[in-house]
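We will go stop by stop.

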Amino acid sequence: MRTFLLLGQTGVGKSSFVNATFGVDLAETREFEACTKVVEHYARTTAFGDICLVDTPGLSEDNSDLDRRYLNMVRTKLTSYKGYVSLYLTPLNETRLRSSERSALQSVTNELGHGIWRRSWLIMTFGACIRADKLERAIDARTRQIADYIGQICCPRSGFSGFHSIGVVDNVVVDWAEECVPIAEFLSTA
Amino acid sequence: MVLDTNNPTDPTHATEHALPPDVVRAAHDFAQRVQQAFTREFTFLLVGRTGVGKSSTINQLIGQDIAPVGDFEPTTISVEEYRLPIENVKFVVYDTPGLCDDLPEKGNDEEYIRRIKNKIKTVDCMLYVTMLHDKRVRSDEIYGIDLITKTFGQHIWKNSVIVFTFADYIRPDVFHRTLSERTRLIREVIGKSVPIDIVNRIPAVAVDNSNPATPDGTRWIDELYTTVVERVSRDGYVQYMIATAPEIIMPVSSHQSGSTRIYGSGGGSYVSGSAPLYMQKKPTPEQIARITTRQSEFGVPTDPKPRETFFQIVADKVSRTAESISAAVQKGWQTVKGWFNVR
């Protein structure tokens, strides 16, 4: 069983990612308002092996106190996940590294420890929103923005030297790009 | 209207007798506002996170590139000021980089509020800019909205418009639902510190800085323009109209007898050399009705005949006091003469 911890701001598509991975509506999602308030586990057998996705409440929903409370909930469960991989989700259709994103990255680092980034993947959502000819540049820019920022806030000894894997998904549109693979197949490379 | 000094009977007084004294007074007051249009400063305030399209929006609304469209990240909360004349009316656009960007400086709200108040005395219209395709109102926006209310007071929202950018990211079939949901949620955050009757009146307009129409087919520039007119401060209304759509604000017929032709279309000698803003727009009859509705605030009669007389008084008063307008606004007056086509 491969376990993945989903982290990211509210509204980036963590719960939708769960549903997109398994192809079933398991996690409750809401288009415009935060709805995931607790840590939820979704374990399923897929054609690409057993996968457990840990859905967490989104960050930047209100203030940093709330973020801290949410991340405390995550931290108490961390020890029960054997060899988990953290997936940090970020929307690809943002133009800048906005401050709420920075504060989310900061909170994750502070509350879960620098080591949370050691075996982390970056998942960019809303892939279908970006025009094909701009896709590569958008992915590069976004990856650099996030990785550079984590590099800044983590001490060098923490071992973050970039993301282990990078994936671009669209939780709604299937086959939105050439050479699309099922999300579960991508996760099975962990 | 220009006085023919050879004419023994003063047509102005003949005109004024046709209206009740309070309407005449209103016409004089209106004329004064027309004149003040060239001395007063009209102030736009832009608020919203960096990268949401504030600069593109104001540039398109005004029809000139006044604010640089940049890719830089703000490093500090600051107030940027852009000045420009539109048809010789003085416009000031204040941009507030960092206000909604939740910067490290956050926590020092008092200092920032003091700095911003020091620079911006009055606001005629505030554009609160945010992306239509955002899925959440997140902490940075919540903080920014709260700071706006703290800085300017809740009344700032009476002269505000919510502008949703990147409308092209939304599929046509969910466009209306998205627009109304996003409007509801932004209003909800504003409503945390502002009375509900103010909040529920704040209009929202979806814009698309790369297409002339939003996914529902609306020509957004006309809709934004009209909505801004509906929301500008009372003092700013006549001024804004004089700068952007004199024909709509002063609809005196162009086929009057004699030498007087007021706001004749196209015949003006526009100092800037470019067509006035309203000519680049094509407001629908419904939008024009919304624009002119506000005239009643200034005592403009709605019936055609008294209405025409009202504007004759205004036009006459403005041209008769031309000489008394200071040298500083001479250039502005040239423009008015163009509009009035005074001979």
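Two residues are in contact if their C-beta atoms, placed from the backbone, lie within 7 Å. With that rule, look at chain A: residues 24 or more positions apart account for 77% of its contacts with a separation of 6 or more.

Two notes before you click on. This is a predicted model, in which local features need pLDDT of at least 70 and side-chain atom pairs count only at pLDDT 80 or more, while totals for chains, interfaces and linings use all residues. Residues are numbered from 1 along each chain as its sequence is written, and chains are lettered from A and ligands numbered from 1 in the order in which they are written.

**Stop 1: chain A**

Helices (H or I, at least four residues) and strands (E, at least two) are DSSP runs, numbered from the N terminus. Trace the chain from that end, and the order is β-α-β-β-α-β-α-β-α-β-α. The radius of gyration of chain A is 15 Å, close to the 16 Å of the globule rule for 190 residues, so chain A is as compact as a globular protein of that length. This radius is taken over C-alpha atoms, and the rule is 2.2 Å times the number of residues to the power 0.38. Along the principal axes, the C-alpha atoms fill a box of roughly 40 × 35 × 35 Å.

Now colour by burial. A residue is buried if 20 or more other C-beta atoms lie within 10 Å of its own, exposed if 12 or fewer, and partly exposed in between; the C-beta atoms are placed from the backbone. In chain A, 41% of the 190 residues are buried.

**Stop 2**

**Stop 2: chain B and its helix α5**

Chain B has 14 helices and six strands. Of its 343 residues, 43% are buried.

Select residues 139-152 of chain B, which form helix α5. Its 14 residues reach 20 Å from first C-alpha to last, close to the expected 20 Å. That expected span is 1.5 Å times one less than the number of residues.

Is α5(B) enclosed or open? 10 of its 14 residues are buried, so the helix is largely enclosed by the rest of the structure. Among them are Ile142(B), Tyr143(B) and Phe152(B). The cover includes α3 (99-112) of chain A, along with β1 (41-47) and α6 (175-190) of chain B. Just after the helix, Gly153(B) takes a positive phi of about 85 degrees.

**Stop 3: Ile198(B)**

Jump to Ile198(B), in helix α7 (residues 196-199) of chain B. Ile198(B) has 17 C-beta neighbours inside 10 Å and counts as partly exposed. Beyond its neighbours within four places in sequence, Ile198(B) is in contact with Gln154(B), Trp157(B) and Lys158(B).

**Stop 4: Val47(B)**

Finish on Val47(B). Leaving aside neighbours within four places in sequence, the contacts of Val47(B) include Leu99(B), Gly144(B) and Ile148(B).
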